[in-house]
Every structure is written in C-alpha cells, then in structure tokens.
Amino acid sequence: MKANNKELVKKTAIITIGNVSTKLINFLLLPFYTYILSKEEYGTYDFLHSYIFLLIPVIGFQMDQAVFKYLVESRTNPGNQKSLVTTTTLFMLMQVLCYAVLFGIIGLFWKYTYLPFMAVVMMSTVVLYDTQQMVRGINKIGLYATAGVISSTINILCNIILLTKFNMHVDGLFLSSIISTTVAVVFLWASSGLAKLIDIKAFSVVNLKKELSFGIPLVPNEIAWWIIHASDRTIVTVILSMASNGIIAVSQKFSSAYIMVYNIFNLSWTESVILHYKDKGGEKYISDTLNSVTALFSSCALGIVAVMPFMFHILVKGDYGSAYYLIPLYMIAGVVDVYLGMLSAVFVAQSKTKYIASTTMLAGIINIIVHLALIYFIGIYAAPISTVFGYATILVVRYLRIKKETEIRFNLKGILMQAVLFAVTMIVYYIRNPYLCGLILIADLVICIYMNKIILLSCKSMVMGKLKKART
C-alpha cells in the first residue's frame, strides 16, 4: 500500500503544481471582480454560468468520465486505447456539429444577448473536458497540469484586459472563458500525441456503446448536482433578487476555492481507486486514506473559517458585506462534499453510475424542498442550509451502502471532534470579537496539527527524502 500512497501523492503533486498557483491568483482577484462588477452584474454572470454547467453534462453525455475510466483500464492494451481515443473524438466532433446547428436554430427565435456566448462556452467546454480526460487516461498527467496553467493564466489576463481596458463586464467574462478554453484544447492536441492515436478504422461501436452506458447514467447525477448547486441561485433570484444572488456568488467563492483544491486531489484519488480497488488489501488502503484525507481537509476548512474574520474585508470589496455571514455554512457544505467525493470514487470503480445518479437526485429534491420551506422565514440563509441538507442526505445513504458491502469505514470519533471544533469556531466567528477570534485561530491551528500529525510527518519525511536525493 506504500507504493499506492507514493503514486497517489506524486500524481496529486503534479496536478497541484499545474492548478493551484493560477487558481489561487484567480481567487485573489476577487477584490478586483467585486470592485469592477456590481452585485447585479456578478449575479447575472453567476446565474447564467450555473445554467451553462447544467447543460454541459447533458450535451456531453459525460463521455469524459467514461473515456477516462476505460483508458485507465486499458493501459496495457494500446490497441484498445487507440480505439477509445478515436471513437470518443469522432463522437465529440459529431456532437459539436449537431449542437452548433441546434443553437443556430434556437438563435433565430430567441434573441437573447448572451445566447451566442453561452453556446460557444458550452461546446468548447465539452471538447476541453473530453480532451483533458483522454490525456489523463493515456497517463500524460504533466501535460494535463500544464494545460491547466495555460488556461487559467490566459483566462485571468483576458479578464483583466477586457474588464478594464475594454469595459466589457459580463461579455468580457464569457469571452475570456472561450479564449482560454480554446487555447488549452489546441495545446493539448498539439503536444499530447492524441492525434497519433486517431485511426478511422479503429472506430468501435462496441466501445461507443460501452462509454455511453457508463456516461449517460451519470447525466441525471450531474443534473441532480445542478439542482443542489444552481437551484439555490434560481430560487434566490426569483424570490429575493439578482443582487442577493450576487451575495451568494461571493460567499461561495471561499468554499469553491476549497473544493477546487480538493478536486485536484480527487482526480488522482479516483484513478487510484479504479486501479487498486480490487487489489488484496485495497479496501483497507481506501479506508485508511479516506480518513486521513478527510481529516486534513476538514482541518483546512476549519482554518479558513477561523482566519476569515481577519481577511474578509481585504478579499471582498464593494457592497458585499453580508456575504461574511454565509461563508461558514458554505464551508460546512464543502467539508461534506469532500467526504462525498472520497466515497464516490468507490462507486465509480464499481461502475455503479445508476446508483450514484439516483442518490444524488434524492438529495436534489430534498435540497429544493428545504430551500423553499425556509427562504420565506430566513431569507438568503436558506440557500447554504438547504445545500448542507442535500449533501448530508447523499453522504448518509451512500455510506450505509458502502458499509453494508465493504470493509470501508469512517472514523466516527474523528468526525465528532471535527464537529465540536466547527461549532465552537462558528460561535466565535459570529461574535466577531477580534481577541476571541485570534485565540480560537491559534487553538484550531494547534489542534489541527495534532489531529493530522501522522500525515504531516509523512509529508515531511517524503520532502526531506527528495531533498536528500537531490543533493546526492
């Protein structure tokens, strides 16, 4: 299992190098965005963006997830890898052509200002996702990470230029996304060698059916996730206002950045589970890693909440002050999301995509019911609370299933300790006394270091070993 851990850490490190730096810069530009854009503009972009990412898995059939899984399983079979890449690419091009015609027809009847931008963002993102997962699937993780650097850097630069020099506002945000996505796709195809795997004769109806059978059941799952994420935006916008949606968009930036960091790890974690789930001792490896990683990310979330009283007014400008009170609730949702992500990799390895979809749909329905039941009483706070309820529902249902079928277990004592720490930290957070906030920040730091001492010592040992090897 040590070899598996080294493999997991190595791949995570490569992806992290390729993503965190530029994503962090984008997050630190939050003061810039909140200064340039009004709450209504930021709310409009966030609202449309949420609908775009509802449609992407629908029009893409989740082929990116399918091709990645089967390419990983075919790493000892070059012929099947060529067939999978060819089949996926040709199907992807056919999709783009069909959807271009469809959006063109829709545009004849619906003269909406942002429709062309939305259509191009959706199609280019589908192509990027498929291409990225094919590159990961053939184990060229370095290029995958480099494409992330290129895309994020160009997106940031374009945002700055288009928003300040050309005063494009919402149009500029969409255009930046299109430019950065297109450049990343071109880079990956030019550098990865995917083009050499394209052979028309290798197109396989069998592989296409297999990919669609895996991917299509994930579409309802993604729709359900959208219900959990974006229905909040819709309900808040309709019942409250677009400006209120802008407040939610800003308050979610912090949990989104946190989840973004976790998702970088989850890329290599999912691959590791697919590769080693059936190994002897595989369930113990998954169980041990799951508890170590969730404890680490829970500690990180706790640290974000504890430091936010000192950082909020530095990171957020303009008329967004009420976002402060929503941040801890969205961070709790983020922690539950991390637990979900760790468990979901097991179901992906088992190819139980229909089960994933059905449980997520249940959570989406619960999310909407809770949100509508609470919004007239507690207003904007109904959004994060309903999200926590939705996430918690999936977590409990999926964990009970995994507990029944496998030896994978949560460390319940550790979860209880994390819950107590969160409760105390949030009480101090809302009191907003600077001395109490400083005291709880120090206490959380000490306790979290103690809780994660094993994984921190392992990381230290690994880094020292690398440095020693580099000197020799």
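Me: What does buried mean here?
Reply: Buried means under 20% relative accessible area, exposed means over 50%, and partly exposed lies in between (1.4 Å probe, protein chains only). This is a predicted model, where local features need pLDDT of at least 70, side-chain atom pairs count only at pLDDT 80 or more, and totals for chains, interfaces and linings use all residues. Residues are numbered from 1 along each chain as its sequence is written, and side-chain values use heavy atoms, without hydrogens and water.

Me: Ok, helix 4. Which residues are buried?
Reply: Met63, Asp64, Ala66, Val67, Phe68, Lys69, Tyr70, Leu71 and Val72. Helices are DSSP runs (H or I, at least four residues), numbered from the N terminus.

Me: And why is helix 4 largely enclosed?
Reply: Because 9 of its 11 residues are buried. Those buried residues pack against several helices, including helix 3 (39-60) and helix 5 (78-109).

Me: New topic. How many salt bridges are there?
Reply: The structure holds 5. A salt bridge is a side-chain nitrogen of Lys or Arg within 4 Å of a carboxyl oxygen of Asp or Glu.

Me: Which residue does lysine 352 pair with in a salt bridge?
Reply: Glutamate 405, with the closest N and O atoms 2.7 Å apart. Lysine 352 sits in the loop between helix 13 and helix 14, and glutamate 405 in helix 15, so the pair ties together parts 53 residues apart in sequence.

Me: What else does glutamate 405 bridge to?
Reply: Arginine 401, at 2.5 Å between the closest N and O atoms. Both lie in helix 15, 4 residues apart, about one turn of the helix. Lys352, Arg401 and Glu405 are linked in a network of salt bridges.

Me: Is glutamate 405 buried, partly exposed or exposed?
Reply: Partly exposed, at 38% relative accessible area.

Technical notes: Helix = DSSP H or I, 4+ residues; strand = E, 2+ residues; numbered from the N terminus. Contact = heavy atoms within 4.5 Å.
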